[in-house]
Amino acid sequence: MALRFFNTYSREIEEVELRDPTARPVKMYTCGPTVYSRAHIGNFRAYIFEDLLQRHLELRDYKVHRVMNITDVEDKTIRGAREAGVPLQKFTEQFKDAFFVDAHTLRIKRADEYPAATDQRYIDRMIDMINALISKGLAYQADDKSVYFRINKFPDYGKLAHFDLTQLQSTGRVKHDEYDKEHIGDFALWKAWDEADGDVKWDSPWGPGRPGWHIECSAMSTALLGDQIDIHCGGVDNIFPHHEAEIAQSEGVTGKKFVRYWLHCAHLLVDGQKMAKSLGNFYTVPDVLAKGYTGRELRYALLRVHYRVPLNFTWQGMNEARESLARIDEWLARLRQLIGSVRRADRTPQRGMPTTDFEEALDDDLNISAALGFLFESIRETNRAMDQNEMDAASASAWLDWWQRINTVLDLEAETDVAIPHEVARLAEERENARHEKDWKRSDELRERISALGWGVRDTKAGPKLTRGTGSA
Ligand code: AMP
Ligand code: ZN
């Protein structure tokens, strides 16, 4: 079956055409975390959906070049840094670290690149893009010194969200600081510096200021993936205005179609409401681990429902995830035992050999619920065959091969060892360097950052040893 995805742009399931004669990688851009606090598990539902998408493409032999940005400057990060009384960089660093550790806990595959908005090379690109938009009449500087996108000059504005611009006028959502705009829907590309921004500012042709959130993604995506991207993802709350604005900016500059397939996941809910920082109804990954669940269980709980269906988070759901994984574990143990034994089946098995149903379900707009249905049906069938001594080692081995193939997508096998997250290892290495340079202050700071991530570092004769938990010196 051909690969099919629901494209938010057309609001239809489309047959996917991604393979190129030159077999270049699929270009995938996924909006990443805003690092003003620890990401919650709602955010991770979006990242797990994107992980599933990437892994399924890879199962189908596509190469994927994935970029996930880090939004480390916008209103909330600036406010947070000011309230904490620390420089922006210092404030966001802890949440960046935590994001990588949580993603590791949930077995999310690392993107190829994680560009950060405050990187000067992207700031320069944002400025260049804004300049290009101004020269095309698509942007203007208002009396408040900020630069805005002129949505009336971009006829396609609203096409992604299927939004009528006149509706935007009637909502009357005028923010007090946006009175200088020509149109209520015009969005900021460059925000002029004001006192509340403290020392967070960059020079620009329009005076000191900082970029708007939307232009950050347009600049980072096109810088790393080129003018045209194959797949762009996020949660449904990103559709408007964020992704709509990204289209307007990127296409406004390049004149080319920015994205071929827009994929958005439905929200993780709590008691029927979106899990959100602003509502205070959220859990972080450590909150869930503190209740005794594992990252693998949480991964399963967030993965098991089709990405376009809202998913209610409950502890009951976590227990169900635990039970489902236990069934998988027992099944695998049985298969392995059978393979290890010399016992032969009384009869040649006639039914229940592995099929391609699992991956075909995923071809169909990533229908994970159906795919897992096939997995558990297969577990039931093969358990029955094993109960009745109708399976030999060769068939068991075929099933195990099948599991190993589908597990490249699921990544749900029980852990034998606790792997050290990449970020923790990197910080430990930096600490080693600091120690070699006898920079004890830096070394202590790094120990604290490692410990904030739930790891301890112990210096032994054989070098530093990392252990789960805060450890001791
Ligand atoms: P943010 O850090 O707010 O920019 O969000 C990062 C990603 O998480 C975006 O793709 C959002 O659409 C997504 N997101 C935020 N809240 C939820 C939720 N409750 N369920 C699923 N995705 C979410
Ligand atoms: Zn984005």
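Reader: How many strands form the open sheet with β11 in it, and in what order?

Author: Three strands, in the order β12-β11-β13, in this predicted model. The pairing in that sheet is mixed.

Reader: Which ones are the edge strands?

Author: β12 and β13 are, since each of them pairs on one side only.

Reader: What holds strands of a sheet together, in general?

Author: Backbone hydrogen bonds, with the strands running either parallel or antiparallel.

Reader: OK, in which sense do β11 and β12 pair?

Author: Antiparallel, over two bridges. Strand β11 covers residues 268–270.

Reader: And what stands opposite V270?

Author: Q273, which belongs to β12.

Reader: Changing topic. Which residues are the protein donors of the zinc ion, ligand 2?

Author: C31 and C217, each through SG, and H242 through NE2. These donors lie 2.1 to 2.2 Å from the zinc ion.

Reader: What spacing do they follow along the chain?

Author: The pattern is C-x185-C-x24-H.

Reader: Where do C31 and H242 lie, then?

Author: C31 is in the loop between β3 (26–30) and α1 (41–59), while H242 is in helix α7, residues 239–254. The pair therefore ties together parts that are 211 residues apart in sequence.

Reader: Is C31 buried or exposed?

Author: Buried: its relative accessible area is 6%, and the cut-off for buried is under 20%. H242 counts as buried too, at 0% relative accessibility.

Reader: Now the rings. How many aromatic pairs does a search of the whole structure find?

Author: It finds 24. One of the pairs is Y283 with F313, which is tilted, with 5.5 Å centre to centre and 50° between the planes.

Reader: Which parts does that pair tie together?

Author: Y283 lies in the loop between β12 (273–274) and α8 (285–290), and F313 in the loop between β13 (311–312) and α10 (315–340), so the pair joins parts 30 residues apart in sequence.

Reader: Is F313 buried or exposed?

Author: F313 is buried, with a relative accessible area of 7%. Y283 is partly exposed, at 26%.

Methods: Residues numbered from 1 in each chain as written. Chains lettered and ligands numbered in written order. Predicted model: local features only at pLDDT ≥ 70, side-chain atom pairs only at ≥ 80, totals over all residues. Heavy atoms only, no water. Donors = N, O, S within 2.8 Å, 3.2 Å for Na, K, Ca; no water. Helix = DSSP H or I, 4+ residues; strand = E, 2+ residues; numbered from the N terminus. Buried < 20%, exposed > 50% of the residue type's maximum accessible area, 1.4 Å probe, protein only. Phe/Tyr/Trp six-rings, centres within 6.5 Å; stacked < 30°, edge-to-face > 60°. Pairing = 2+ DSSP bridges.
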